[in-house]
Structures are given as C-alpha cells and as structure tokens.
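I opened this notebook to keep track of what I look up, one item after another. The structure comes first, and my entries follow.

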Amino acid sequence: MSRSHTIAVLAGDGIGPEVMEQALLVLDTTAEKFGFSINQSAHLVGGAAIDATGSPLPPETVTACEKADAILFGSVGGPKWENLPPAQQPERGALLPLRKHFGLFANLRPGVCHPALTHASPVKNELIPNGFDVLCVRELTGGLYFGEPKLQEERDGETVVIDTMIYTKSEIERILHVAFKAAQGRDKRVCSVDKANVLQNSVLWRQTAEEVAKSYPDVELSHLYVDNAAMQLIRRAPDFDVLVTENLFGDILSDEMAMISGSLGMLPSASLGGQKDNGLYFGMYEPSGGSAPDIAGQGIANPVAQILSVAMLLRHSLGEEEAAKAIENAVENAISSGLRTGDIYTGSEQETKVNTAEMGAAILKAI
Ligand code: IPM
Ligand code: MG
C-alpha cells in the first residue's frame with residue numbers, strides 16, 4: 001500500500017495564498033514522483049478568518065489541524081486588522097494559540113545567506129564572502145510569552161504591568177536536546193544565548209546547557225550573552241552553526257539573522273512538538289517572512305520560503321527525506337541558474353527576473 005499523509009493548509013493573508021499555490025504544486029509533483037499521497041484540506045486563519053467568522057483561529061481550523069500530520073502555514077496579518085485589540089489581531093490571535101495548543105516548543109529558523117546572494121545582505125560583503133548558514137533554535141512555548149501572571153493593574157494610584165519570565169528545567173532541557181541533535185547533523189557547534197549576568201532564568205539555562213552537553217561529546221558548546229550575540233552575528237555570522245535560546249531572545253535574534261541573510265523571502269521555518277514513537281514530529285511550517293501586504297496580490301512575491309517550508313514538513317513530520325532533499329536541490333538549481341524574484345534581483349547580467357509563478361514553475365521543472 002502506498003504511503004499516505006494528511007496535512008492542513010492554512011494560507012492566511014497577504015502573499016500567503018499566492019506563495020502557497022506554488023508550494024502546493026511542488027508538493028503534488030513531489031508526492032507523485034516519490035510515490036506517496038497527500039490528503040490536504042484548506043482552512044481559514046488570520047485576517048481572512050476574522051472577516052469570515054470573527055475569529056483569527058476558528059475552532060474548525062483547530063479541529064482540522066488536530067486530524068492532520070502537519071500544518072502548512074502561509075502568513076497572517078495586514079493593515080486591515082492592525083487596529084484590533086492586540087489579542088484579537090491575526091498574528092497574536094492565531095500564531096500563539098496554535099503554538100500553545102499543539103505544544104510546538106521547538107522553533108527551527110534557518111538563517112541562510114546563499115553564496116550567490118551575498119549582495120542582497122545589508123552586511124558588508126567582505127564579512128560574508130561565502131554567505132553563511134546558521135540555524136536558530138528558539139524555545140517557543142515558554143518564557144515571557146506565556147508566563148503567568150501577565151496583567152495590568154492599579155497599585156497605589158499607579159498603573160503597573162507584569163509579564164512573567166518562567167521556565168522549568170525540563171523545558172530548558174528539551175529545547176537544548178533539539179539544538180544538540182540538530183548540530184550533530186551539521187557542523188557540531190552549539191552557541192547557547194542567555195543573559196546569565198542578570199537573569200535567574202539564564203543562570204539555570206546556562207547550567208542546564210553545560211549538563212545536556214555532556215550527552216553530546218561530539219558537539220562543542222559555547223555561550224554568549226544576548227546583547228553580545230546580537231553584535232557578533234553582524235560581525236561574524238559565518239562563525240556560527242546552531243544558536244539556541246529562549247523565546248523572546250529567539251524572536252529578536254532570528255529576525256536579525258533573517259535581515260542579514262538579505263533574503264527573507266528564501267527562509268522557511270518549522271515549529272515542532274514532541275517526537276513521536278516513529279521519530280517524527282507534529283509540526284507547523286511557515287515562511288520566516290510575514291504577509292508582505294505591500295506586494296500582495298501582484299504575483300511577484302518570492303515563493304521559495306513557502307516551498308522550502310514544504311521540504312521541512314516532508315522531513316520532520318512525514319519522514320519523506322528523499323522528497324525533501326529533491327525540493328531543496330531544485331531550489332538550489334533555480335537560484336544557481338540565475339532566476340531571481342524582485343527581492344533578490346540586482347540587475348546583473350547573469351540574473352533573470354521572474355515572478356512568483358515563474359519561480360515556482362522553474363523549481364517544479366527541476367524536480
Ligand atoms: C514570530 C512573530 C510572533 C512572535 C508574533 C507575531 C506573535 O514575531 O513568529 O517571530 O513574536 O513569536
Ligand atoms: Mg518574530
């Protein structure tokens with residue numbers, strides 16, 4: 001019997017639906033070529049869901065995701081919904097509940113500056129002559145984002161706000177294991193980022209990193225304070241392999257990394273829950289960039305981040321490693337042959353400017 005997988009497709013807002021269309025074409029072709037079938041169903045999320053149902057994450061969307069092996073997510077948000085109260089906005093009202101509901105504690109954000117695309121990076125090219133390839137492993141369901149109490153109240157005639165940074169040791173351990181395992185498949189170096197000179201949280205984080213490192217003698221562990229890490233990434237990104245850090249630090253550093261890679265439209269991400277008995281993870285896969293409302297609807301967005309998100313989904317949630325590699329190679333092919341969407345186009349002679357559908361078609365053909 002041929003292998004069969006179920007995924008929930010949440011395209012969302014802005015460029016989400018346009019890039020998703022290309023990603024699904026790539027998924028279909030890959031499935032056919034590698035002999036498995038995909039049951040996919042599309043569901044509302046974000047601003048599109050607010051418009052249709054009043055909620056950024058309707059219950060039927062959650063139910064559909066529960067029945068799936070993985071979620072393929074586009075992007076959410078846009079100017080139309082910006083003035084809603086924060087908790088009802090598409091980003092916060094959909095992403096955070098999805099992460100919490102499915103226990104997606106491990107956020108993998110590759111920060112890759114392709115050697116052929118260093119010109120697109122805002123970092124001086126002499127600092128990244130061959131680009132760079134850093135994997136940011138961000139803890140995604142703990143820390144300041146979800147800690148209780150979280151409140152605003154009046155105390156002695158003064159308004160007071162509280163967010164709570166809280167981690168259990170086991171939460172720290174499990175994300176560190178993800179980082180060390182990832183490093184074993186790469187350059188075997190983990191840099192743990194904290195603020196151990198100030199935060200109690202970070203003191204435990206650093207100590208736990210040292211302990212977990214003992215189970216991975218082949219991996220080298222180093223530590224950086226988060227403020228210093230922010231600087232070092234700009235000065236010497238190629239020196240890093242895997243970065244691991246808590247939720248808020250990871251939010252900020254992964255954006256910095258995406259910016260210096262110069263090609264936000266190229267970067268996928270994975271948010272994984274616990275490992276199942278078969279070694280696979282339930283996960284949600286999405287481009288690192290946002291909904292890009294400024295270019296939505298024009299058919300010019302870069303579909304590569306969404307397409308590479310499919311590759312990560314195939315690898316981590318469906319166990320279709322060969323298919324994942326085929327997609328990654330096809331993207332590599334399209335970039336090497338000079339195809340460029342507007343975000344990575346410089347006008348040089350070796351480059352051909354293409355739109356969303358043309359980039360998708362070139363990648364399909366390479367598969
Ligand atoms: C991200 C985003 C989210 C986060 C926001 C939209 C809640 O910035 O995925 O990095 O802070 O995690
Ligand atoms: Mg962010």
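Where does ligand 1 lie relative to domain 1 and domain 2, and why? I am working from a predicted model, and I keep that in mind for each entry below. I looked up the domain bounds and found that domain 1 (1–106 + 264–367) and domain 2 (122–261) both give residues to the shell around ligand 1, so the ligand lies between them.

Entry on the shell. I listed the residues around ligand 1 and wrote down Glu 91, Leu 96, Arg 99, Arg 109, Arg 138, Tyr 145 and Asp 251. Sorting this shell by class, I counted five charged residues and two nonpolar ones, with no polar residue among them. I then asked myself which element gives the largest share of the shell. The answer is helix α4 (residues 90–101), which supplies three residues.

Entry on polar contacts. I went through the oxygen atoms of ligand 1 and noted that one is 2.7 Å from an N or O atom in the side chain of Arg 99. For Arg 138, I noted a distance of 2.8 Å between a side-chain N or O atom and an oxygen atom of the ligand. For Tyr 145, a polar side-chain atom lies 2.5 Å from an oxygen atom of ligand 1.

Entry on the backbone. I reminded myself that most residues other than glycine have a negative phi and that most peptide bonds are trans. Against that background I recorded a cis peptide bond joining Glu 148 and Pro 149, with omega at about 0 degrees. Pro 149 is found in the loop between β5 (132–139) and β6 (151–155). I also recorded Lys 188, a residue other than glycine whose phi is positive, near 60 degrees. Lys 188 is found in the loop between α5 (169–184) and β8 (189–194).

Methods
Residues numbered from 1 in each chain as written. Chains lettered and ligands numbered in written order. Predicted model: local features only at pLDDT ≥ 70, side-chain atom pairs only at ≥ 80, totals over all residues. Heavy atoms only, no water. Near = heavy atom within 4 Å. Polar contact = N/O pair within 3.5 Å; in protein donor to acceptor, adjacent residues only side chain to side chain. Helix = DSSP H or I, 4+ residues; strand = E, 2+ residues; numbered from the N terminus. Nonpolar A, V, L, I, M, F, W, Y, C, P; charged D, E, K, R; others polar. Domains from an automatic or database assignment.
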